Amino acid sequence: MDPNFVSREQTRLLRELREFLAIPSISALPAHAADCRRAAEWLVTDLRRLGCPVVEVIEGSGHPVVWAEGPRIPDAPTLLIYGHYDVQPVDPVEEWKSPPFDAMVRDGKLYARGAADDKGQVFCLLRAYEAVRDAAGKPPLNVHFLFEGEEECGGHVLDDLLAREPERTTADAALICDMSYYAPGIPGVYTALRGLCYAELTVRTLQRDLHSGSYGGVAPNAIETLCRLLCDLKDGEGRIHIPKLYKSVVPPTRAELRAWDRLPFSKRDFLRDEVTGKALTGLKKYSVFERIWALPTLEIHGIRGGFVGDGAKTVIPASATAKVSLRLVPGLPFVQVAKWLEKAAKAAAPNWAEVDLKILHGGDAVEVDTSHPAFAVLDEAFKEIVGKPTVRVRAGGSIPIVPRIGSGGAPVLLTGIGLPDDGLHSPNEKLDLQQLWDGIAVFGRFMERLAAVPLAPAP
Ligand code: BES
Ligand code: MN
């Protein structure tokens with residue numbers, strides 16, 4: 001790999017990344033479907049420019065998948081690279097210090113929606129690949145690229161594709177760069193992701209909204225009923241009241257818990273710099289790591305109903321809807337939990353309420369065995385470029401396609417160049433540019449080293 005690649009090309013790289021980030025590929029909002037397609041097209045153009053002889057846009061029920069193959073390198077291993085080009089919505093947009101789709105550099109950090117999650121990291125891998133090609137444009141190993149546009153919205157296009165064509169997951173290793181360092185200076189490799197069960201819970205108590213003077217005092221209020229129901233499902237101590245939920249959890253091993261205890265961690269700094277609140281909540285008898293990595297959660301994402309416009313309107317709402325999700329851990333399969341949630345919500349409803357639960361999407365938790373030699377190769381690359389190997393940690397977040405990516409037998413390397421305070425899904429999401437420049441070198445060296453290492457025993 002040309003050691004001067006980044007310093008020589010920095011200006012161009014920044015311009016290209018800003019161009020990619022300028023496309024508002026918000027997968028959850030139907031109004032942005034054309035933008036999602038433009039982001040896919042941006043990748044297609046880039047992959048062609050990088051000399052990939054195979055570049056495909058694969059259509060399905062939603063936003064397209066982009067698949068590409070580098071030139072065939074006989075006898076070299078195959079690396080499958082996965083990432084997503086879609087991003088989360090930007091609200092509350094008024095809290096952004098610069099427009100979310102006009103990436104700005106402040107103090108060495110690039111601010112934009114998708115800067116870290118995941119366009120900036122996808123870009124990092126593309127440029128690492130660019131940097132390891134020889135003068136004839138040949139990389140040291142076979143690389144397959146797989147990019148989706150529905151990671152953030154729970155779409156099916158990629159899942160359907162891989163169910164139909166599982167051979168696309170055949171590789172010697174899969175690399176997913178959609179995560180962050182454990183802490184500044186300490187890269188991470190992830191041994192588990194939580195699963196997810198995302199639902200809309202609707203409560204109806206009346207045929208129509210009513211005057212709160214004429215009927216206040218006797219008519220059942222849908223928002224109040226919904227709030228009480230939500231509080232029944234999760235109490236003030238953070239305990240979720242869904243029968244069998246906690247009993248089914250497969251807890252982390254003692255060795256894992258001990259390793260987490262040894263990680264550098266300050267509750268005070270975590271609260272101040274990342275959580276940005278006044279106190280941590282949740283099940284007090286468990287450590288912070290257990291609460292964010294190894295236990296299920298129930299979060300309320302938004303409540304719709306009644307009157308939320310400017311000014312005042314005296315009304316008793318007839319219906320209300322909450323968007324909620326559970327994060328899942330090993331022992332809690334998505335399909336099972338979806339059934340338990342429906343049962344628990346209906347059981348908790350008073351007799352004046354009609355409760356309807358609609359599952360929007362979800363996926364299972366995953367655990368990753370990090371003993372495959374490819375993980376040692378990644379550690380060597382990080383050591384060489386940033387001076388430290390990875391630490392083994394879990395992620396509280398989810399990437400629903402990961403079980404499928406691993407289904408072909410390739411070890412799945414979950415890692416990334418983000419930092420914990422990047423603000424994924426929040427206003428003012430950012431990527432530290434030094435992390436990007438280092439990341440290009442790290443993944444470039446990873447590809448070169450992987451090409452040189454005997455991965456499987458010779459036949
Ligand atoms: N990059 C994140 C996953 C992630 C978050 C990993 C935090 C490590 C730490 C990913 O893009 C993401 O946000 N996933 C969604 C998936 C969901 C919408 C199905 C998530 O976790 O909310
Ligand atoms: Mn995300």
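Q: What share of the contacts in the protein with a separation of 6 or more comes from residues 24 or more positions apart?
A: In this predicted model, such residues account for 78% of those contacts, where contact means heavy atoms within 4.5 Å.

Q: And what radius of gyration does the protein have?
A: The radius of gyration, taken over C-alpha atoms with a globule rule of 2.2 Å times the number of residues to the power 0.38, is 23 Å, which agrees with the value near 23 Å that a compact globule of 459 residues would have. The C-alpha trace spans about 80 × 45 × 45 Å along its principal axes.

Q: Switching to Val366, is it buried or exposed?
A: Val366 counts as buried because its relative accessibility is 12%, and buried means under 20% relative accessible area, exposed over 50% and partly exposed in between, with a 1.4 Å probe and protein chains only.

Q: Which residues does Val366 touch, then?
A: Leaving aside residues up to four places away in sequence, Val366 touches Thr191, Ala192, Leu193, Val402 and Pro403. Leu193 is 173 residues from Val366 in sequence, yet their C-alpha atoms are 5.3 Å apart.

Q: What average pLDDT does the protein have?
A: The average is 97, and 99% of the residues score at least 70, with pLDDT being the predictor's confidence in each residue, from 0 to 100.

Key:
Residues are numbered from 1 along each chain as its sequence is written. Chains are lettered from A and ligands numbered from 1 in the order in which they are written. This is a predicted model: local features need pLDDT of at least 70, side-chain atom pairs count only at pLDDT 80 or more; totals for chains, interfaces and linings use all residues. Side-chain values use heavy atoms; hydrogens and water are left out.
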